[in-house]
Amino acid sequence: MRHLLSAGDLSHREALSLLDMAEEMHEVQRRPIKKLPALRGRTIVNMFFEDSTRTRTSFEIAGKWMSADTINVSGKGSSVSKGESLRDTMLTLDAMGVDCFVIRHASSGAVAQTANWVRACVVNAGDGQHEHPTQALLDAYAMRQHFRASGVREAFEGKRIAIVGDLLHSRVVRSNVLLQRTLGGQVTLVAPPTLLPAGVESWGVTVSHDLDAVLPQADVVMMLRVQRERMAGGFFPTAREYSAGYGLTAERLARVRPDAAIMHPGPMNRGVEISSEAADAANSRVLEQVSAGVAVRMSVLYHLLGGEGGAR
Ligand code: NCD
C-alpha cells in the first residue's frame, strides 16, 4: 500500500489486516502512557482545507502516539490564501522532506491528484463529496466490535447495514459502500429522492425511501448529517419535514432492533437527522466510532510508513 485514496483500492486481505492492526493499536489507547516508537523520525503533515474536529485531531493523535512529528496546515493560514496553487504548495512541503500528507479538500478528486505530484505518501481524509476511506474503516471497526460484543462471530458477511440521510453530499456513504462491497455487508441506502446520488443503481446496493420499513431489518443503522453547507437550497421543504420522513426520531427508535448498532460519523445535528434519544441510546456506537478513529488511523499510518514505507 503506497497511498490510501479510496476504500475501493483495498483488497479483502488489506482491509482485514488494517482492522486487525487497529485492534492492537486500540490497546495502546487504553494504556496510561500512550507512546510507541514505531514512526520515530517520520514527518506527517495534516493539511485540512475544510473544517474538521474528529478527523484532524485523531490523525494528529495517531501520529503523535507513534512518535512521528506531526504538523498541521490549514487552508486559511497557508499560502493557498495568497493565490498559490495546490500543486505549488504540495511541491514546496514535499521538498522539505515530508514522509506523509493527510489531506482534506473541498474538491472531489483533489487528494488523488496530489498523489501524482509528491514523493510522500498521501492519505485521503475526505475529498469533497467523493471519499473518506478512513471513516469507512473506523465504521467497520466499530461494527465488528459491536457484533463481537453480541456474540456474533461472522463480522460483515450478510450483515444488513442501512445508511440513511443526505447521501448526495456524503463522501462517507461512498467509502462505506465500497468497503462493504469488499467485506461482504449488504447495504441499503435510505434517502429522499432529491438526496440520492446519480448513478446509485450501479452501486450494488438496495435503495429505499421508506425508513420505517428498513429499520426493523437492520443490523446497523448509520445516520448521516444533512450537509447544509453543500446545499444551495430546495432539497427538502423544511428541517421538520425532513426529520419526520428520514430522521431517527424518538418514536422511530422503537423500530430499531435492540441488538442493532446506531451509528453516526459526526458531527451530529441533533433534532434533524438524529434525535437525542437515539444519539444517546444504549445501542448507540457514536463514541465507539470516535475512539476507533484513533486506532484505525494509527494502523493506516503504520501500514504506510512503518518499515521502509513513505517518501522515496
Ligand atoms: C464527515 C465528513 O467530514 O465527511 N465527518 C467526519 O469526518 N467524521 C461527515 C460530515 O461532515 O457530515
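Predicted model: local features only at pLDDT ≥ 70, side-chain atom pairs only at ≥ 80, totals over all residues.

Residues are numbered from 1 along each chain as its sequence is written, and side-chain values use heavy atoms, with hydrogens and water left out.

So, which residues are around the ligand? Counting a residue as near if one of its heavy atoms lies within 4 Å, we get R54, T55, R104, H132, Q135, R171, V172, R225, Q227, P265, G266 and P267. By class, that shell has three nonpolar, five polar and four charged residues; Pro and Val count as nonpolar here, Arg as charged, and Gly as polar.

Now the polar contacts, meaning pairs of N or O atoms within 3.5 Å. The side chain of R171 has an N or O atom 2.6 Å from a ligand oxygen. For H132, a polar side-chain atom sits 2.8 Å from an oxygen of the ligand, and for R104 the distance is 3.2 Å. On its own the ligand has 320 Å² of accessible area, and the protein covers 94% of that (Shrake-Rupley method, 1.4 Å probe).

Which elements give two or more residues to the shell? Those are α2 (54-65) and α6 (171-183), helices being DSSP runs of H or I with at least four residues. And why does the ligand lie between the two domains? Because domain 1 (7-131 + 291-310) and domain 2 (133-289) both give residues to its shell; the bounds come from an automatic or database assignment.

Last, the backbone. Most peptide bonds are trans, and most residues other than glycine have a negative phi. G266 and P267, though, are joined by a cis peptide bond, with omega about -5°. S67 has a positive phi, near 70°.

Definitions and conventions
Polar contact = N/O pair within 3.5 Å; in protein donor to acceptor, adjacent residues only side chain to side chain.
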